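Student: I've got the model loaded and a few things I'd like to go through with you. Shall we take them one at a time?

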Amino acid sequence: MSGRAALSPRSDFPVLEEVVYLNTGSIGLEPLPVRHAAELLGGQIAGRGTVGFDDEVEKRVGDVPRAAAARLLGTTPHDVAVVTHATEALCQVAWWLKPGAGENVVSADLEFPSVTYPWLRLARDTGVEVRLAPALDDPASFSLDTIASAVDEHTAVICVSHVQYATGHRLDPAGLVELARSVDAMLILDATQSAGVVPLDASELGVDVLVSSGYKWLCSAPGAGICYLRPELWEQLDPLFVGWKSTEDAFAFDARVIPLAQSARRLEYSTPAYAAGAALTAAVDYLLDLGIEDVLEHDLALVAELVDGLERFDAEVLTPAEDERRAGIVIARFPGRDGPEVAAALADAGVIVSPRLGAVRFSFHHFNDSSDVARTLDALEALL
């Protein structure tokens, strides 16, 4: 095959024999080793219960995905919680911070709803102002300046995605941190569309909170997500949801007191989906073996190939042209054509994408190669 080969073995993703899969922005494909890890542990627990799975083993099994998440984020397990999904962690943090009247929370109107909904709900109770920086009318113009335009001395929290789910815009975390520090605000970064494709070092970035689901670019299973908390923050965190897992010694089973875990693990409050945790661990190891820097280079190269090919259709590409401002997502509008109809027609042709903002979103990851770009452009040629 001419062009760029896949970075990972395509045989680990059997569905690629049937379709061109460009939809990691919705659900990532789990490689076979990740699926096997989840099936092995899930099957053992389902079929054998606590046989070979006593309290000590259960504790160790719970620690493993936390350590994997810490490796991914360049931090220590003490600063990471493994939650069911990013939304759960965001809600926990939002209701603990509980900014009120006279303060504001800044996000954007083109954000994924789960990034803004906790604050909109909170506003009904506390009177906090939720400022959604306008970008929906002109998505291509979205930038750090868009967020900065809504920030002032009353901003308590800036809560945004590292990479936008619909347009693929990648914001500079350093710029966001600087913006937040300039008004003494908290920075919460949703890395669901960047973790697994963009290298992340949570401590070096300087963010206060970083959350990510596992089932997109990490190519893990639903049911296990990640929440990083800056050490000074988790030490103060008094979680709204608590349970037996929230405590320093979860197996002490003392119903009289709540001695919170002396780590970010205090966000974990109930029995987790252990199979999802096994998938997350295997997925992180799979990605680290590939090298996140190499994954980013690979994904950006395929994005560039597609963008070049879209020129023949006079497509309006809403994703930034600069590599440092994008990751694995490209979104495009086609003159005179409805985005959902184009996406559906591509699916009929065996090219799996998503309609977003009236446009078509293409998501490239490490299992894709140049033949996927060529087949997509061929399908568009036949359609348009």
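**Helix packing and a buried strand**

Student: At what angle do the axes of helix α11 (residues 339-348) and helix α12 (residues 370-383) cross?
Tutor: Keep in mind that this is a predicted model. The axes of α11 and α12 come within 10 Å of each other. α11 passes α12 in a right-handed crossing, and the crossing angle is roughly 115°.

Student: Is strand β8 (residues 225-229) enclosed or open, and how many of its residues are buried?
Tutor: Look at both faces: Gly-225, Cys-227 and Leu-229 are buried on one side, and Ile-226 and Tyr-228 on the other. That's why β8 counts as largely enclosed by the rest of the structure, with 5 of the 5 residues buried.

Student: Which residue of β8 is the bridge partner of Val-82 and of Ser-212?
Tutor: Strand β2 (residues 80-83) runs antiparallel to β8, joined by 4 bridges. Strand β7 (residues 209-213) also pairs with β8 in the antiparallel sense, over 5 bridges. Val-82 has its partner in β8 at Ile-226, and for Ser-212 the partner is Ile-226.

Student: Is Thr-146 buried or exposed?
Tutor: Thr-146 sits in helix α5 (residues 144-148) and touches Ala-133, Pro-134, Ala-135 and Ser-141, leaving out residues up to four places away in sequence. Its relative accessibility is 11%, and the cut-off is under 20%, so Thr-146 counts as buried.

Key
Residues numbered from 1 in each chain as written. Predicted model: local features only at pLDDT ≥ 70, side-chain atom pairs only at ≥ 80, totals over all residues. Heavy atoms only, no water. Axes fitted to C-alpha atoms, helices over the stretch in contact; angles between N-to-C directions. Helix = DSSP H or I, 4+ residues; strand = E, 2+ residues; numbered from the N terminus. Left-handed = near helix turned anticlockwise from the far one by under 90°. Buried < 20%, exposed > 50% of the residue type's maximum accessible area, 1.4 Å probe, protein only. Contact = heavy atoms within 4.5 Å. Pairing = 2+ DSSP bridges.
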